[in-house]
Structure formats: structure tokens, C-alpha cells
Amino acid sequence: MTTDSREIARRLLARSVGSPAQQHNASDAARDSGSVRNTLAPAAAGARVVSADFDPTFTKHPGVIEAEATFGNLDTVFSAVDLPNPFYLPHQDTNGPTVRYFDEDIPNFGSFSYLGMAVEPRVREAAKSAIDTYGTSVSAARIVSGEIPLYNDIETHLAGLYGVDDAIVTASGYLTNAATVGFLLSNSDLAVCDSLVHSSVLSGTQWAGCRRLNFRHNDPASLDAILSMSRSSFGRAMVIIEGHYSMDGDIPRLPEIIEVARKHRCSIMIDEAHSFGVLGKTGKGVRELFDLPGDAVDVWMGTLSKAMGSVGGFVAGSHELVQAFKYTAPGLSLYATGPAPSAIAAALESLRILDEEPERVTSLQENGATLSRLAQEAGFDTGISQGTPIVPIILGSKAITCSAKMLQAGINVNAIVYPSVPEGEERLRFFLNTAHTTEQLEHTIDTLRDVAATI
Ligand SMILES: Cc1ncc(COP(=O)(O)O)c(C=O)c1O
């Protein structure tokens, strides 16, 4: 047997040329089983071959080719029609109720700092002071040398807000979903997700290697039907939904969904990314909105990057669960550096302000209701939104041009396109801010009416 690696490569290559279908089927099977780990596992003898056209630089990777075809010449496309390219366009100062582009401050609907915390002087000061005390990084995983008192302070606060025993903060909301689902479920388990749940949850199900089934968006009857057919085939099963849907601005039918989930002996996980700080009379999220006890849901997940004006994620739940997350779940705390002290200090100060100034939530919610009403009165399609601080205006294929023309007209609002939303349902998505004025909202809808008429 030769030990020459080039000879092994040559032989593998020769075999792959003979059987592309075999290779295709193997990777399909791995994908269908939902297991990322399978696709990365070392090949069993003779079972796997190197594709003849494999290019180690990835320039022929389908994702790379698709990105080049779709986005490679965007600057040219936009400049040909004399519009600014709105993608990755750097702004010049803070991303709040207004934003500065091209040296001009303009009304802004592209910031999910709903309560204005990311620009709040108290929050900025708290972040700076944490840097002075702890430096810019804790420079270790929390379990070994990376722990600072700020983590416990914020975790206690978050647990209290959700009415549960404990919480854990992490460096990333996306990673929190991926690692939590990845830890809780495995290949004999089932994740039943709302069809509009965030991409990070889907990454979690791939990480877990579990089976994933989607139920029709916000439809407890669809959830019931899926669980009636499939629940008995799996060990653990978890229903995963959002507390406030970020593309559509609607709220889950939570009490009914909980009832169905419990009937079928399922756990429940809620992603509160756009709900915490936004829904409920004092902004405590969907739990406050429906007046539920903390243990109505098993896993409360949230982000610090939206209403809390910082960056990072959290999971809140029972003492045992959080202990497991802290000591045995890769990616949440283990094998990952603790969140930046400045980020946690900023979020903690935002939580204090949320307690002290509930009027920020009131004006945020009023602004959502006002923009939604104005949009509907102007004849725009606001989809299934419910007058919350996320207002979609569905424009189909006009959305991207409309976003660019709105920017040209002095208003920043982002277009959301496929694959984030289905083709034909492309939209402008308005994030409201507690500090938007009624005049800004009226001016925005007037401008949109004029701009949309020109496309
Ligand atoms: C519903 C939802 N969950 C999770 C995330 C990920 O959170 P983060 O951006 O804080 O990583 C997002 C991000 O936008 C989100 O909208």
C-alpha cells in the first residue's frame, strides 16, 4: 500500500469521476438526516470520493457562484439607475431614530434598538466604565479564569424578569439558539418549529442532528396535526416559536400553542429576540403580554442586541437547565470566550432603565400603531402584522428599488427579500423607535406613497 498522498488523491479522483451519482446520494442522505456532523465525518473506507471538479479555493462552490451572480455587480446595477447601493452602506454615526448617510441626518427605520438604549448616555457610560474596570475582553472562557461579577448581576436580573430560577448570557444571539437546540436535542428527537422561525434555530436543529418539522405559521391546529402524526416516533420533542416575528410583525398565539405542546408532552422554547423590551405593558416580553408564569415555557431565549442596545444572547430557565448550559453545553459558555464586559454592562444598564422608564415602551408601542395605521390608510399591504413596532409593507419585486429610492429621498428603511421572505412577498420592513415623532411617521408614509408611484 502506498503512502504517497498524491497517489491516494489520484485514485480517489479517478473513482469519483466514475460515480458522481453515488457521491451526490451520499451527501443528500447526510443532509436529509439533518446531520451536519455526518457530512464532516471522515469517510469510511471506499464510501466517499473526492469530486472531480472539487476546487480547494471554493471559487466553484455553488454558494460562491450564486453570490457572485446575484451580488457581484450590485454597485454597477444601482449606479446605472442613479441610485445608492443600500447593501453594506456604512453610516456615519449612531443607528437610532435618525441615521447619518452622505453627511445628512435622516429618519431611520433600520435600527432594532427599539428603546433607544444603544445611544443612551447612561448605557454608553456603563460600557466605558466596564472597559476601565475589566478591559475590553475577559480573555478566557468563563469556567476557567473568565468570570466577572457583571455576568451574575445580569443573569440574576434576567431570571427575575422571566420568573425563572436562573439565566446564562452568551456572546451571540445566533449562537445561543444554535447551541441551545444543539445541546437539548439529538438524533432520536424532534424539533417542531413555526415555519417562520429564525435561521439560527434551524442551525440548531442541524447541530442537534434531530428531525425538524415545520407547522403552519402561528397555527395551533397545524401544530396539533403534526404532533398527532409524529410525536410517538420520537423521544424528546420541542416546539420552537418566536415571541414576536421579525419579518411579519405578528405575535404568537402562545396560550393555544402551549396547550397543544403540553397535550403532546413537548417542551417549549421561545425566541424573544424582538419581543423582549417591545411587547407587554412594561416591555417584559410575550410572557408579560399573556400574563404567564415563568414555567409556562421551558426555555426562554433572547438577545441583548435588540431592545437592550448591546450584543449577545441569553437563555433563562430552571436551575438545573442553566447549570447544564454552563457546565456541559459547547458554544454557550464552554469553549467560547465570555461576552465582552462592555456589552454586558451596557445591557445591564438598559435593563435598569427599562425598569425605571416604562414610558419608553409606551411611546414605542404607540409609534408602531401609528405607522401601521398610516400605512393602511395610504392603501399599503401590511400583511399579517398587528400594529406592533415591526411594520412590514409588502411590495413584491419593487421592494429593493423602493428602499434605494427612499434613501435617495432621505429616509432609511431596509428591503427584505428572498430567501428571508418568500418570493413575491418582498417588503420594506420598518423597525419603530421610541423616539420617532408623529411628524416623522407621517412624512415617511407620504414619501413612500410618492416613491412607490414612480416605480
Ligand atoms: C428572531 C431572531 N433570533 C435570533 C437572532 C440572532 O440574534 P443576534 O443578532 O443577537 O445574534 C436574530 C437576529 O436578528 C433574530 O431576529
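1. Helix 9, residues 173–184, gives the most to the shell around the ligand, with three residues. The model is a predicted one. The shell has 14 residues, and the nearest of them are Gly173, His198, Ala273, Thr303 and Ser305. By class, the shell holds ten polar residues, two nonpolar and two charged.

2. Overall make-up. The chain contains 18 helices and twelve strands. It has 455 residues, of which 45% are buried. Among contacts with a separation of 6 or more, 70% join residues 24 or more positions apart.

3. Strand 3 pairs with strand 9 (residues 313–317) in the antiparallel sense, over five bridges.

4. Strands in the order 10-12-11 form an open sheet with antiparallel pairing. Strand 10 (390–394) and strand 11 stand at its edges, each with a single partner strand, so one side of each lacks a neighbour in the sheet. Direction ignored, neighbouring strands here are turned by 35 degrees against each other on average. Strand 11 and strand 12 run antiparallel and are joined by three bridges. Within this pairing, asparagine 414 stands opposite arginine 429 of strand 12.

5. Helices on the three-stranded sheet. Helix 16 (residues 359–377) packs on the sheet and touches strand 10 and strand 12. The direction of helix 16 makes about 15 degrees with that of strand 10. Helix 17 (residues 399–408) packs on the sheet too, touching strand 11 and strand 12. The direction of helix 17 makes about 175 degrees with that of strand 11.

6. The axes of helix 6 (residues 121–134) and helix 15 (residues 341–356) come within 8 Å and cross at roughly 145 degrees. The crossing is right-handed. Helix 6 makes the contact through Arg122, Val123, Ala126, Ala127, Ser129, Ala130, Ile131 and Tyr134. Helix 15 supplies Pro341, Ser342, Ala345, Ala346, Leu348, Glu349, Ser350 and Ile353. Eleven residues of this contact are nonpolar, three are polar and two are charged.

7. Cis peptide. The bond from tyrosine 418 to proline 419 is cis, with omega near 10 degrees. Proline 419 sits in the loop between strand 11 (414–416) and strand 12 (427–431). These are the two strands joined by three bridges.

8. Positive phi at Tyr88. Tyrosine 88 is not a glycine, yet its phi is positive, at about 55 degrees. The residue is found in the loop between helix 5 (74–80) and strand 1 (98–101). Is tyrosine 88 buried or exposed? Tyrosine 88 has 7 other C-beta atoms within 10 Å, so it counts as exposed, the cut-off for that class being 12 or fewer.

9. Positive phi at Asp103. Aspartate 103 is another residue other than glycine with a positive phi, near 65 degrees. Its place is the loop between strand 1 and strand 2 (104–107). Aspartate 103 counts as exposed because it has 6 C-beta neighbours inside 10 Å.

10. Thr282 and its surroundings. Threonine 282 lies in the loop between strand 7 and helix 13 (286–289). With 16 other C-beta atoms within 10 Å, threonine 282 is partly exposed. Which residues is threonine 282 in contact with, leaving aside its neighbours within four places in sequence? They are Glu288, Pro358 and Val361. Threonine 362 is 80 residues apart from threonine 282 along the chain, and their C-alpha atoms are separated by 7.7 Å.

Conventions:
Residues are numbered from 1 along each chain as its sequence is written. This is a predicted model: local features need pLDDT of at least 70, side-chain atom pairs count only at pLDDT 80 or more; totals for chains, interfaces and linings use all residues. A residue is near a molecule or strand if its C-beta atom, placed from the backbone, lies within 6 Å of it. Helices (H or I, at least four residues) and strands (E, at least two) are DSSP runs, numbered from the N terminus. Ala, Val, Leu, Ile, Met, Phe, Trp, Tyr, Cys and Pro count as nonpolar, Asp, Glu, Lys and Arg as charged, and the others, Gly among them, as polar. Two strands pair if DSSP finds at least two bridges between them. Axes are lines fitted to C-alpha atoms, for helices over the stretch in contact, and angles run from 0 to 180 degrees between N-to-C directions. A crossing is left-handed if the near helix is turned anticlockwise from the far one by less than a right angle, and right-handed if clockwise. Two residues are in contact if their C-beta atoms, placed from the backbone, lie within 7 Å. A residue is buried if 20 or more other C-beta atoms lie within 10 Å of its own, exposed if 12 or fewer, and partly exposed in between; C-beta atoms are placed from the backbone.
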